[in-house]
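Please look over the sequence and the 3D view before going on to the points below.

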Amino acid sequence: MLNSERGTVTTTDGLKLAYDVHGTGTPILCLAGLTRNMDDFDPVLANFSNRAQIIRLDSRGRGASDFDPNPQNYTIPQEASDALALLDHLNLERAAIIGTSRGGLIAMVLAATAKHRLSGVLLNDIGPKLNPAGLAYIMDYLGRPCAFTSFEDAAERLPRALGAQFPNVSHAEWLAYAKRSWTAGPDRLQLRYDSKLREAIETQGASGETPDLWPLFHALSGLPLAALRGAHSNILTPECWGKMQTSRPDMIATEIPDRGHVPFLDEAESIETITRFIAELPIGA
């Protein structure tokens, strides 16, 4: 494997998904959240490509990857299949996963369906029970046009929108967050994901039934496991967080102060946790 590689992988249904690979060593696949992209893992790349092979993927409909002509294909099982397609493309028998939010749900599905392809999992602010209040918050903005006119405008206004969950974030950090989240447009910032994700999520939630995800979490048994929780998270509740630790007392569990959903992965506590997680991964995995 090259020390640095950027390319696309073609899925079984013909979409081209963007990925990049940096570094050598234990392969770690980084999977982003629902509306997010590989740039969220810039801190992982900066801090760990000297000790691991950092693989970043834009899931279908996100970042530089193709949008799916059928939005109903935006499902966690499909995105788990896409992740395996990338491992196959890179000739990797298995990899560890750092999964942020939806990326962590994908990791849990893979643990239940293709555990032999995993060498460990780190969950970033996600667990087997999702707070309905947090899900409602996501639906308030999912697929809606961006209200910010520029990156600077976003950096000025984001503290008022997200400051309760993310106190003590500097202007420079909000500016970097904005550039990861949107692209420049003629009169306002543009989404970096397919707005039809909203249609997919609404359809999938139409039954009103919340699936029991604890069996997926239990499927992680036997794998090195770490988890981060933003202290102000509106998705991963303290109750679920406590039950996760009771279920897996060997899990490296770290709560990140001054962060909500999700930690940025550049915090000292996040970096220390990722360092400990990598140390637990099988050599040569």
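Not counting residues up to four places away in sequence, E79 touches R60, R62, Y74, R102 and I106, where contact means heavy atoms within 4.5 Å. The model is predicted, so that local features need pLDDT of at least 70 and side-chain atom pairs count only at pLDDT 80 or more, while totals for chains, interfaces and linings use all residues. Residues are numbered from 1 along each chain as its sequence is written, and side-chain values use heavy atoms, with hydrogens and water left out.

- E79 lies in helix 2; helices (H or I, at least four residues) and strands (E, at least two) are DSSP runs, numbered from the N terminus.
- At 2% relative accessibility, E79 counts as buried, a word used for under 20% relative accessible area, with exposed meaning over 50% and partly exposed what lies in between (1.4 Å probe, protein chains only).
- The axes of helix 2 (residues 76-89) and helix 3 (residues 102-113) cross at roughly 75° and come within 9 Å; axes are lines fitted to C-alpha atoms, for helices over the stretch in contact, and angles run from 0 to 180 degrees between N-to-C directions.
- From helix 2, the residues I76, E79, A80, A83 and L84 meet R102, L105, I106, V109 and L110 of helix 3.
- The residues of this contact of helix 2 with helix 3 divide into eight nonpolar, no polar and two charged, where Ala, Val, Leu, Ile, Met, Phe, Trp, Tyr, Cys and Pro count as nonpolar, Asp, Glu, Lys and Arg as charged, and the others, Gly among them, as polar.

**The cavity**

- A search of the whole structure finds one cavity of 30 Å³ or more, a cavity being a set of points on a 1 Å grid over the protein atoms alone where a 1.4 Å probe fits but cannot get out.
- The largest cavity holds about 40 Å³ of space; grid points are joined across faces, edges and corners, and a volume is the space filled by probe spheres set on the points.
- The largest cavity is lined by A32, G33, R36, L57, S59, R62, E79 and R102, lining residues being those with an atom within 4 Å of a point.
- By class, this lining has two nonpolar, two polar and four charged residues.

- The axes of helix 5 and helix 6 come within 8 Å and cross at roughly 110°, which makes helix 5 roughly perpendicular to helix 6.
- On the helix 5 side, F151, E152, A154, A155, E156, L158, P159 and L162 meet H171, W174, L175, Y177, A178 and K179 in helix 6, and the residues of this contact divide into 10 nonpolar, one polar and three charged.
- In helix 6 (residues 171-181), W174, L175, Y177, A178, R180 and S181 are buried, and the buried residues of helix 6 pack against helix 5 (151-162) and strand 7 (182-183).
- W182 lies in strand 7 and is buried, with a relative accessible area of 13%.
- Leaving aside neighbours within four places in sequence, W182 is in contact with C146, F148, F151, A154, L158, L189, Q190, L191 and R192.

**Loop residues**

- N91, found in the loop between helix 2 and strand 5 (95-100), has a phi near 60°, a positive value in a residue other than glycine, and N91 is exposed, with a relative accessible area of 70%.
- D258, in the loop between strand 10 and helix 10, has a positive phi of about 60° although it is not a glycine, and D258 is partly exposed, with a relative accessible area of 29%.
- The peptide bond from H261 to V262 is cis, with omega near 15°, and V262 is found in the loop between strand 10 (252-256) and helix 10 (268-280).
- A147, in the loop between helix 4 (132-141) and helix 5, touches D153 and R157, not counting residues up to four places away in sequence.

Methods. 1 Å grid on protein atoms, 1.4 Å probe; cavity = no way out; pocket = protein on both sides within 12 Å on 5 of 7 lines; lining within 4 Å. Parallel < 35°, antiparallel > 145°, perpendicular 65-115°, else oblique.
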